[in-house]
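Work through the exercises below with the sequence and the model at hand, and compare each solution with the coordinates.

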Amino acid sequence: MSIVEGCKGCQRLSAAYEATTMEWFRLQGQLRIAEYSHEEEASYRIVAEINSTARRRQSLRDEMEKHDLAMHKCTNPATS
């Protein structure tokens, strides 16, 4: 995954990926607290949110790769 400077699509996808990654880390912290506090119900809910966030992160990685191939295939050194 590369980000081309000045590309609005790259910037949008990168910002979305960054926000989703930060959410994933926040949820990981909440899960540790819930597990430490033996809050089983909260742990299950947080795990479901973590899984959803992980799927979103993967989806964004896939979108970034597709965008890179479609829009920047000439600027990607791996494909040159």
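**Exercise 1.** Determine which residue forms a salt bridge with Arg45, and how the two are placed in their helix.

Arg45 pairs with Glu49, with the closest N and O atoms 2.5 Å apart, where a salt bridge is a side-chain nitrogen of Lys or Arg within 4 Å of a carboxyl oxygen of Asp or Glu. Both residues belong to helix α2 and lie four residues apart, about one turn of the helix. Arg45 is partly exposed at 46% relative accessibility, and Glu49 is partly exposed at 28% (buried is under 20% relative accessible area, exposed over 50%, partly exposed in between, with a 1.4 Å probe and protein chains only). The model is predicted, with local features needing pLDDT of at least 70 and side-chain atom pairs counting only at pLDDT 80 or more, while totals for chains, interfaces and linings use all residues. Residues are numbered from 1 along each chain as its sequence is written, and side-chain values use heavy atoms, leaving out hydrogens and water.

**Exercise 2.** Find how many salt bridges the whole structure holds, and describe the one between Arg26 and Glu23.

The search finds three. Arg26 and Glu23 meet at 2.5 Å, N to O; they are three residues apart in helix α1 (residues 8-36), and therefore separated by about one helical turn.
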